[in-house]
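Student: Could you walk me through this one, starting with the terms we need?

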Amino acid sequence: MSKPILIVGGGPSGLAAAHALTSVGQRVVLIEKAERLGGAPILSGYAKLVPSGEWAKDAIGGMVRRVEEDRQAEVHLSSTVKSFSGAPGEFDVELADGKRLQAAAAILCTGFTHFDSLNKPEWGFGTFPDVVTTAQVEQMISSGKGVRCPSDGRKPQRVAILLCVGSRDRQIGREWCSKICCTVSANIAMEIREELPECHVYVYYMDIRTFGLYETKYYWRSQEEFKVKYIKARIAEVTSDGQKLIVKGEDTLVKRPITIPFDMVVHAIGMDPNVENKTIAAVFGVTLETHGFLARGNSYANTAETSRAGVFVAGAATGPETIDDSIAQGHAAAARALALVRPAQASA
Amino acid sequence: MPIHEKSLIRPENLKTHEQLVVDGVDVSGHWSTFIQSRVVTDYNEALQEEIAALPGGEYIHRCWQCGSCTNACTVNAVNPDFNPRYWIYLVRMGMESELLRDKDIIWQCVSCNKCTYACPRDVAPEGVMKALSHWLELKGHTRKSPSMIFDEVFTDQVIERGRIEEGRLIQRFFRRTGQALGQDWLIEMGRRLLRRLPLGLLLRLGLAGVHAPRTRGWARSRAALREYVAQEQARQRRALGLDDLIEGARRDAAGITHG
């Protein structure tokens, strides 16, 4: 019996890779740091996913159950890899709890870390309770409690969503676009307008990057159907007058400074490299690219490669990624790992 | 201050005291010049809905500020301050005071519709310009423009008689806009008509002037049109909150105190 393939991370890409491998009879060992599978969509309590509109607990939850019920998948929760050595086909793996196992190959599906808004103190997160993140609004929606101001539980009359919080910001060493926050913000804006039709939602942006087909379903629809307003302004600071949050900036289209009162301010937080990427890179002997994400070994011929033979990568570990593309990359990495483990046999 | 930003200073925001002494120091004239803040401190969220409630303004919320309308604009080519893209933005964001600064040029739209063809989002900016002019009039910010008066005279006559009669139309239009009937171009036209002597036409004009022709069996159409126009006007006034204003004024006049 061949050795299993090690999958590190039980988010969308890891779950996809695991299922793809076991469905062709390949055993896998799935290592998950958290106490449960599902990755960011489940652990951070996402509500309705882009672009399907399915609830995360149904869509990703289904993928979790599929792996949990799979006898060919050995799942280790609350677990991390301590050491990883050997060569393709015969890697030696030691887990943090001392358990040892062998693997023919490894797929790193270690994902990302949400940007911590405390790193942008001028935007009021951590200072004012009604300044929240997109992840928190997702939780308000997915919990069924609805969008409410954390300070006193009231329904907001006016909400500002600030884009590019922790993205495209050289001041804090984050030059990259996190790719999905524009679309997620448009989605959240529509969710708020649907739940609270009296609440006006303003999106403050530098550019809108609802790329590809998201344009129609999110950017256009949020304006045409839900009357969400987009203002080209990078907000300078969020303060408070004791009653309301005061959002200050420049409305660049009228060339005028603005200080507008809001009930709630939402940070559209970006995707940082997984905070443990340096450890991950050291343990698995792979390199990181300039921003701190896992580097791909090859951009075209084998996109799942890392710098080390036999170690593959998929999903947001390599940079900001959507859920559906992460899943596709999980499948792709599974195919590449399988090609290594079971090279094509000469036809009889 | 960078030179381009000086253009942002509005003359009315410059405050200067001709005579001013502070703590014994004479700061008269330009020594006391002070620039008032031009910060926008709130949005009027009703504004977009009001414009959208008027004919032509329905699609204003689609605008994403690309500037195609202003680029295509006939009037903008002559007057760079005529900027439909900008006004659409002000309405969408509810910057009413900013919009009112341009009330004396907004009505200058010539309805060439080049913007409507250029707009990638089907905002129909020409319609928005009509709605804006209409809104300014209804709210009492501007007087009725001559073209609006012409439209009214024209429409009144069509509704009244089911047809128009040019002589009567121009007479009423001149009267309502305070223009003399004996205008040079009109006298010249009459003179040339007389010189060529198209008898039949002159006769018809004369007859029409006397007994005002009307379309047969028009009464029912007239009633239906009047009813529709009245409904539409009432709807627009409601959308703009004008009935509340009038009601408020009436109660004030009657000495009823509010609240």
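Tutor: Helices (H or I, at least four residues) and strands (E, at least two) are DSSP runs, numbered from the N terminus, and two strands pair if DSSP finds at least two bridges between them. This is a predicted model, where local features need pLDDT of at least 70, side-chain atom pairs count only at pLDDT 80 or more, and totals for chains, interfaces and linings use all residues. Residues are numbered from 1 along each chain as its sequence is written, while chains are lettered from A and ligands numbered from 1 in the order in which they are written.

Student: What is the strand order of the open sheet of five strands in chain A?

Tutor: Pairing in this sheet is parallel. Its edge strands, each pairing on one side only, are strand 9 (131–133) and strand 12 (229–232) of chain A. The order is 9-16-10-11-12.

Student: At about what angle does helix 5 of chain A run to strand 10 of chain A?

Tutor: Axes are lines fitted to C-alpha atoms, for helices over the stretch in contact (C-beta atoms, placed from the backbone, within 7 Å), and angles run from 0 to 180 degrees between N-to-C directions. Helix 5 (residues 181–195) of chain A lies across strand 10, strand 11 and strand 16 of chain A. Its angle to strand 10 of chain A is about 170°.

Student: How many residues of chain B are in contact with chain A?

Tutor: On the chain A side, 16 residues take part. Helix 5 (residues 84–93) of chain B gives the largest share of chain B's side, four residues. The number for chain B is 17.

Methods. Contact = placed C-beta atoms within 7 Å.
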